[in-house]
Amino acid sequence: MKVTIDADKCVSAGQCVLSAPDIFDQREDDGVVALLTDTPPQDRLDQVHEAASLCPARVIQLVD
Amino acid sequence: MAKGHIVTSSSADTTDTLTADLPEYPMARAAGCPFDPPPTLRKVQSEHQIARVRIWDGSSPWLVTGYDNVRNLLSDPRLSTDGTKPSFPHQSALTKARRGEPTPFGTDDPEHARQRRTVSAAFAIKHVEAMRPAIQRIVDDQIDTMLAGPNPVDFVDAFALPVPSLVICNMLGVPYSDHHFFESRTKLLLTRAGTPERSAQAARELITHLEQLVDDKLANPADDVVSSLAKRVAAGEITRDQAARLSVTLLIGGHETTANMISLGTLALLQHPEQLDRVRENSENPAIIGSAVEELLRWLSVPHSGRRRVALEDIEIGGVEIRAGESVILANDIANRDPAVFADPDHLDIDRNPRKQIAFGFGVHQCLGQSLARVELQVVYSTLYRRVPTLRLATDLDQIPFKHDGILYGVYAMPITW
């Protein structure tokens with residue numbers, strides 16, 4: 001699975017970092033989402049799905 | 001077309017004649033059931049999901065109550081939060097009187113996004129986690145102060161309000177000595193009681209006060225949020241007025257909401273001793289404390305008077321057509337009790353970890369300070385009951401003055417003893 005983000009739409013709510021801290025980070029200057037990796041390991045997929053579903057601005061897309 | 005008293009068609013002719021029969025919103029909670037949703041609100045949810053209601057000014061907005069529909073509409077850009085639009089469903093005559101005062105809540109993207117990003121860095125998870133030790137100190141000191149003072153005492157005054165006020169003052173760079181000033185004005189802004197003149201005056205006083213603080217920070221910058229906003233004013237990125245309004249929003253959003261969660265959460269746990277024991281016994285377990293915070297956010301849903309919107313385009317949802325220009329109220333409180341999403345929704349279960357709860361809203365306006373609120377509540381819930389194990393109410397539950405007239409739910413006072 002591959003993760004893509006649309007950082008322009010991000011509202012810096014931080015839900016992704018709470019859900020999957022190994023995959024998502026926030027930029028220092030504005031708290032906007034930053035991807036640590038776009039190919040999460042198998043054992044993090046549940047967390048990434050949770051991050052995508054909780055993102056209030058629907059910034060995170062998952063592609064198989 | 002009407003089903004019982006609730007109109008399910010958007011036909012203007014029909015709704016005008018039936019407006020008087022519509023359920024009034026907000027609805028009253030049942031006597032003696034301060035934690036249960038209003039019975040009429042639950043009835044609307046179980047029967048219709050989306051239905052017309054009547055509000056204070058006689059208008060009849062759509063009320064949306066089902067979790068999925070509320071969540072989808074909260075993130076739908078076809079709905080506006082702009083309170084200057086003619087049919088906007090204001091909370092009261094008081095909030096309507098302030099509609100000309102632009103706030104980030106009442107501004108749509110892209111301007112909302114631009115302003116939000118001027119302060120969003122401070123609320124990133126890393127920053128907020130870095131504040132955890134300072135928040136722990138504030139909570140411990142406030143418990144020391146409370147225990148050294150009169151017993152019984154008003155919990156709101158002695159603990160629930162000072163803790164988040166101290167935290168947000170610290171973060172923004174607002175002197176804590178101002179707290180009586182901003183807490184009293186906030187009270188005037190967040191009640192539906194009172195007069196529009198007093199409410200507008202309170203708003204103006206807060207803005208003026210924060211404008212002066214922006215000026216002070218421009219001359220003497222420090223490592224705080226108002227200083228960083230002052231720098232942006234100097235750089236021409238935002239106006240002095242915008243910086244002051246953003247600061248006021250953060251100040252109000254930063255203390256009153258969390259204060260209500262501290263007092264109401266404590267009251268809820270005191271009424272559920274087995275849940276309180278579990279919180280106390282797991283004070284050192286971040287997973288259980290984190291879950292307890294999410295569940296109390298869901299179960300209490302302090303923002304209990306709906307998110308207010310106006311449709312910019314026609315929207316079809318839940319078998320209803322919301323027409324452009326019509327007003328909409330998204331009831332995230334009852335959505336958090338939707339049995340289709342949360343099993344046995346009225347049962348308080350601190351092990352449930354309902355991360356899907358929408359007490360902070362959803363969509364681009366979702367609470368910017370939610371990570372800070374979570375850390376504050378985690379520190380409070382994991383510290384207070386452990387350190388004060390004999391904490392209990394010093395009055396009967398039916399003597400507690402609840403904020404039934406508040407835009408946010410909570411208690412005005414709560415006598416406790418230990």
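**View 1. Strand pairing in chain B.** Leu393(B) has Ile416(B) as its bridge partner in β12(B), within a predicted model in which local features need pLDDT of at least 70, side-chain atom pairs count only at pLDDT 80 or more, and totals for chains, interfaces and linings use all residues. Residues are numbered from 1 along each chain as its sequence is written, chains are lettered from A and ligands numbered from 1 in the order in which they are written, and side-chain values use heavy atoms, with hydrogens and water left out. β11(B) and β12(B) (residues 415-417) pair in the antiparallel sense over two bridges; strands are DSSP runs of E of at least two residues and helices runs of H or I of at least four, numbered from the N terminus, and two strands pair if DSSP finds at least two bridges between them.

**View 2. The largest cavity.** The largest cavity has a volume of about 110 Å³, where a cavity is a set of points on a 1 Å grid over the protein atoms alone at which a 1.4 Å probe fits but cannot get out, and lining residues have an atom within 4 Å of a point; points are joined across faces, edges and corners, and a volume is the space filled by probe spheres set on them. Of its 15 lining residues, Arg29(B), Trp299(B), Leu300(B), Ser301(B) and Arg337(B) lie nearest the centre.

**View 3. The second largest cavity.** About 90 Å³ of space lies in the second largest cavity, and among its 13 lining residues Cys10(A), Gly14(A), Cys16(A), Cys55(A) and Pro56(A) lie nearest the centre.

Definitions and conventions: 1 Å grid on protein atoms, 1.4 Å probe; cavity = no way out; pocket = protein on both sides within 12 Å on 5 of 7 lines; lining within 4 Å.
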